[in-house]
Amino acid sequence: MTVYRWARLSAADVTAWEALVHHLADVDGTEEYLSAEDLREELASSSVDPTEDTWAVWDGEQLVAFGLARCSSDLSHEGLVRTFLDGGVHADHRGRGLGSDLMDRLEARARERAATMHPEQSGYLGAGGHIEGSSARTFLLERGYRVARYFNSLTRDLRETPEVPAVEGVVLRSPVPADETPVQTSHNTAFRDHWGSAPTSAEGWHERWTSRSNRHEISTIAVDERSGEVLAYVLCGQWVDRELYVNIVGTVPTARGRGLAAACLARTISLAIERGSHDLVDLDVDSASPTGATRLYERLGFHLKRTTAAMRRDLHGPNSS
């Protein structure tokens, strides 16, 4: 019988962690090919204490499972505590109870952090449910989680350049460092009516804005010529060679219906083609987005690649949404 060693994740483990994450991306179809540098950055995030929030399971020198529990400092717009549990077990080591043991620890840690950060507040445990029929989906359903939302993963090749429409009174350009706070302000306004969202703190936004994976030079913001307000934005990143990923798209409510998000995305796609830096652009969108985002992307040449699920269970008891 294999004797596993349980420990915490540290910066010294990122190479082994990268190998496990890539294995899980292949066998589970997640396509989450994070690099060692990305994982090192994740451990350094202000939202993670590696000595308390992470687990690493070793078989000799091989990392065969990992787990990470987060609790957001910001309540959702509905006033809910948001926690998210991430992890996985190497395919060769499944069926031995590692996943259940790992999830027991993750859930307990998430509840502990929630009780400390948001005493007596209701909320949820959240986890990614992958695709229909996946081992992760089955495992979570058996633990009392349920599908709370579906997300569509879309893709587009970068062979055909879209037309970038002009919008009167608006300048389309790539963001610069001075745009950090204006874009944060617009983002918090734009996502006020989006499922599961919460106001983003200055610290959390700064970490997102300065992440090594960002590609601001190919991203686009729409700025009102008179007021200087950021009305819409498309912020991109890259984790896989020659694959651009759209991290987030938003339009402030007062500017919706003017085609700003489409114009921003068309400009970003055109820039990527012009630079020759990428072959594909991918994004994930809430299948029930209040802005009808899926239709927007389809008009710009995106097509469905797969559908995944966000899963939840009540932080303190029975399932809830």
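What follows is a friendly conversation about a predicted model and the terms used to describe it.

Biologist: Before we start, what should I know about the ground rules?

Modeller: This is a predicted model, in which local features need pLDDT of at least 70 and side-chain atom pairs count only at pLDDT 80 or more, while totals for chains, interfaces and linings use all residues. Residues are numbered from 1 along each chain as its sequence is written, and side-chain values use heavy atoms, with hydrogens and water left out.

Biologist: Happy with that. What makes the sheet "mixed", and in which order do its strands lie?

Modeller: The open sheet has 12 strands in the order S1-S2-S3-S4-S5-S12-S6-S11-S10-S9-S8-S7, with mixed pairing. Strands here are DSSP runs of E with at least two residues, helices are runs of H or I with at least four, and both are numbered from the N terminus. S3 and S4 pair in the antiparallel sense over 7 bridges, whereas S4 and S5 pair in the parallel sense over 5 bridges.

Biologist: How do you know that S9 and S10 are paired?

Modeller: Two strands pair if DSSP finds at least two bridges between them. S9 (residues 230-240) and S10 (residues 243-251) are joined by 8 bridges, so they meet that definition, and they run antiparallel. One place to look is Gln238, whose bridge partner in S10 is Leu244.

Biologist: Why are S1 and S7 said to stand at the edges?

Modeller: Strand S1 (5-7) and strand S7 (170-173) each have a single partner strand, so one side of each is left without a neighbour in the sheet.

Biologist: What makes the Trp239 and Tyr245 pair "edge-to-face"?

Modeller: Rings of Phe, Tyr and Trp (its six-membered ring) pair if their centres lie within 6.5 Å; planes under 30 degrees apart count as stacked, over 60 as edge-to-face and the rest as tilted. For Trp239 and Tyr245 the centres are 6.0 Å apart and the planes make 75 degrees, so the pair is edge-to-face. A search of the whole structure finds 5 aromatic pairs.

Biologist: And is Trp239 called buried, partly exposed or exposed?

Modeller: Buried means under 20% relative accessible area, exposed over 50%, and partly exposed in between (1.4 Å probe, protein chains only). Trp239 has 31% relative accessibility, so Trp239 counts as partly exposed. Tyr245, at 24%, is partly exposed as well.

Biologist: Why is Glu120 called exposed?

Modeller: Glu120 has a relative accessible area of 84%, so it falls in the exposed class. Glu120 is found in the loop between helix H4 (98-117) and S5.

Biologist: At what angle do H6 and H7 pack?

Modeller: Helix H6 (residues 180-190) and helix H7 (residues 202-209) pack at about 115 degrees, with their axes 11 Å apart. Axes are lines fitted to C-alpha atoms, for helices over the stretch in contact, and angles run from 0 to 180 degrees between N-to-C directions.
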